[in-house]
Amino acid sequence: WNLKQFLEQNPWLLAPSAAQDEGDFRMVVMEHCFSSVYFGLREQDLSHRDALAEADQAYMAPLARAHMVSASGQLFNGRNFVVASSFDLGRVDFIEASHIMSNWTVMSLNGDVDWLHSSGVFAIREPINEPGPCEEAGEWRFPFGGMEWQPQDVVLPVPCRHVWDPVRSASDERPLLASFAGSLNSCSRRELFRLFGVSVKPTSLAEMMLAQEEMASGPAIWVFNGSVGEEDSSRHWRHGGFDDSRDLLYREILWASEFCFVLNGSSSVNNVRLVETIMHGCIPVVVTDDFHPPFDRELSWLDIAVFIRTREMPLLPEILASIDPGTRQGKRRVLGQVAPHLDVREEHF
């Protein structure tokens, strides 16, 4: 529905209503209800994989075949067809339809397993230590014979409710070195907490600052298991809506941090935290071995984020300390430039 809303808000992207010749269309976007079909099947007690398979075979694949026999499908063999998916694995979640869509452009959260290596973005160019306990080698892709990704596909960002604040997000006053707060629901998150976890959760940014002043090492890495703040869930009016106190503290920590960690959790590394950190002017530190960022053909991710392998987590203090203030400020300027391109509410999206 985000794509549909975006097109409705930007009618200049649509073909004139009087257009009759399908050969004049640069793109044909296939609207579908795959998610609704999937969730309907889940309500009938089908498992996740069984619901995906049924929605693919009974709905998505027949819909794709119908488009391929249309005039436009016959004319371009599907090369001007576009379809969006909100599921984590993209083409893999409708593998039968994906074979029919081999020439289509699929927009999803999934990308090319080789992107990190072929783009040369790692902070440490070549691995200098042995694989760690959370190595992500992309084994889940092997059974699909390369059908999980095609070169014409586009990686989308996960929509985020926050927007760039021209004052707070652009500020270079960042007293905290790096931060992360979230559930420890993946190997890499648990390892990050094992290395840098803080057991006592702060109730205010001032409390964190006071604790940091007592540390001889200076600006620290703060990693919390779960949400920060008190459990009272008191709510405040802010920016046209209600935010609870824990959410406000979480945002204050993002605005106070030079770097914010982005790791896989219940979903892939391409999750809402990636865009969330950018919207707060916090430089993303992407910890992963298998990742393809959104809109990589248009955005220079080497200028946006810091990329490290999961095996390099113990080296984080040294890696982050080696990034000089000028480089940090330069990345933050780029974050402000790319933020509208990652916001589905903006026409620059």
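Reader: Which helices and strands each supply at least two residues of the lining of the largest cavity?

Author: In this predicted model, strand 5 (176-182), helix 9 (245-256), strand 9 (257-262) and helix 10 (272-279) each supply at least two residues of that lining. The lining includes S179, F180 and A181, as well as Y250, I253, L254, C260, F261, R273, E276 and T277.

Reader: What makes this space a cavity, and what is its volume?

Author: The term cavity applies because a 1.4 Å probe fits at its points but cannot get out. The volume of the largest cavity is about 80 Å³. A search of the whole structure, with a threshold of 30 Å³ or more, finds one cavity.

Reader: How is the lining of the largest cavity divided by class?

Author: Eight residues of the lining are nonpolar, two are polar and two are charged.

Reader: Why does S108 count as buried?

Author: S108 has 4% relative accessibility, and buried means under 20%; S108 therefore counts as buried. This residue lies in strand 3 (residues 105-108).

Reader: What makes the approach of the S108 side chain to N110 a polar contact?

Author: The side chain of S108 reaches the backbone nitrogen of N110 at 3.2 Å, and the cut-off for such a pair is within 3.5 Å.

Note on methods. Residues are numbered from 1 along each chain as its sequence is written. This is a predicted model: local features need pLDDT of at least 70, side-chain atom pairs count only at pLDDT 80 or more; totals for chains, interfaces and linings use all residues. Side-chain values use heavy atoms; hydrogens and water are left out. On a 1 Å grid over the protein atoms alone, a cavity is a set of points where a 1.4 Å probe fits but cannot get out, and a pocket is an open set with protein on both sides within 12 Å along at least five of seven lines; lining residues have an atom within 4 Å of a point. Grid points are joined across faces, edges and corners, and a volume is the space filled by probe spheres set on the points. Helices (H or I, at least four residues) and strands (E, at least two) are DSSP runs, numbered from the N terminus. Ala, Val, Leu, Ile, Met, Phe, Trp, Tyr, Cys and Pro count as nonpolar, Asp, Glu, Lys and Arg as charged, and the others, Gly among them, as polar. Buried means under 20% relative accessible area, exposed over 50%, partly exposed in between (1.4 Å probe, protein chains only). A polar contact is a pair of N or O atoms within 3.5 Å; within protein, one must be able to donate a hydrogen and the other to accept it, and residues adjacent in sequence count only if both atoms are side-chain atoms.
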